[in-house]
Amino acid sequence: QAQMVESGGGLVQAGGSLRLSCAASGITFSRYTMGWFRQAPGKEREFVGQLSWNGGGHTYSDSVKGRFSISIDSAEKTLYLQMNNLKPEDTAVYYCAARRAFSAGFSIWGQGTQVTVSS
């Protein structure tokens, strides 16, 4: 069974950095687009970024461009989200997700990890 488990969240001051990890099992990265999403209290779940299955192309939301980056360690089956220059508005529960090649939506989700940015 495919599973994804996030870790690395916590409390950080504005301007600081965190790296989130997503341990994946039952997933071949070359056949999945891997993504990160976040959801703040009372807000709709928001797309953060993704790494496409078919060549490693990256896509990021405008709100995190230049600050966040996604990487994959295929050997360790781990997806990362490096977050720099964090802002209070980045506070949210962060989720990793996987989308099968040629499928429309992300179908495999982790349980989320809390990121809180204080000012």
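Reply: Start with serine 52, which lies in the loop between β5 and β6 (58-60). Keep in mind that this is a predicted model.

Me: Why is serine 52 called buried?

Reply: Its relative accessible area is 17%. Buried means under 20%. The value for serine 52 is under that cut-off, so the residue counts as buried.

Me: Which residues does serine 52 touch, leaving out those up to four places away in sequence?

Reply: Thr33 and Gly57. Contact here means heavy atoms within 4.5 Å.

Me: What makes valine 48 buried?

Reply: Valine 48 has 1% relative accessibility. Valine 48 is found in strand β5 (residues 46-51).

Me: Which residues does valine 48 touch, again not counting those up to four places away in sequence?

Reply: Among them are Trp36, Phe37, Arg38, Tyr60, Phe68 and Tyr94. The list also includes Val64 and Leu81.

Me: How far apart are valine 48 and lysine 87?

Reply: In sequence, 39 residues. In space, 14 Å from C-alpha to C-alpha.

Me: Why is lysine 77 called partly exposed?

Reply: Its relative accessible area is 41%. Buried needs under 20% and exposed needs over 50%. The value for lysine 77 falls in between, so partly exposed is the label. Lysine 77 is found in the loop between β7 (68-73) and β8 (78-83).

Me: What is the phi of lysine 77?

Reply: Positive, at about 55 degrees, although lysine 77 is not a glycine.

Me: How do you know that phenylalanine 102 is exposed?

Reply: Phenylalanine 102 has a relative accessible area of 76%. Exposed means over 50%. The value passes that mark, so phenylalanine 102 is exposed. Its place is in the loop between β9 (92-100) and β10 (108-109). Phenylalanine 102 is not a glycine either, yet its phi is positive, about 70 degrees.

Me: Which side chains of strand β1 are buried?

Reply: Met4 and Glu6. They point to one face of β1 (residues 3-7).

Me: What makes β1 and β3 a pair?

Reply: Two strands pair if there are at least two bridges between them. Here 5 bridges join β1 to β3 (residues 18-25), so the two strands pair. They run antiparallel. Within β3, cysteine 22 is the bridge partner of glutamate 6.

How values were computed. Residues numbered from 1 in each chain as written. Predicted model: local features only at pLDDT ≥ 70, side-chain atom pairs only at ≥ 80, totals over all residues. Heavy atoms only, no water. Buried < 20%, exposed > 50% of the residue type's maximum accessible area, 1.4 Å probe, protein only. Helix = DSSP H or I, 4+ residues; strand = E, 2+ residues; numbered from the N terminus.
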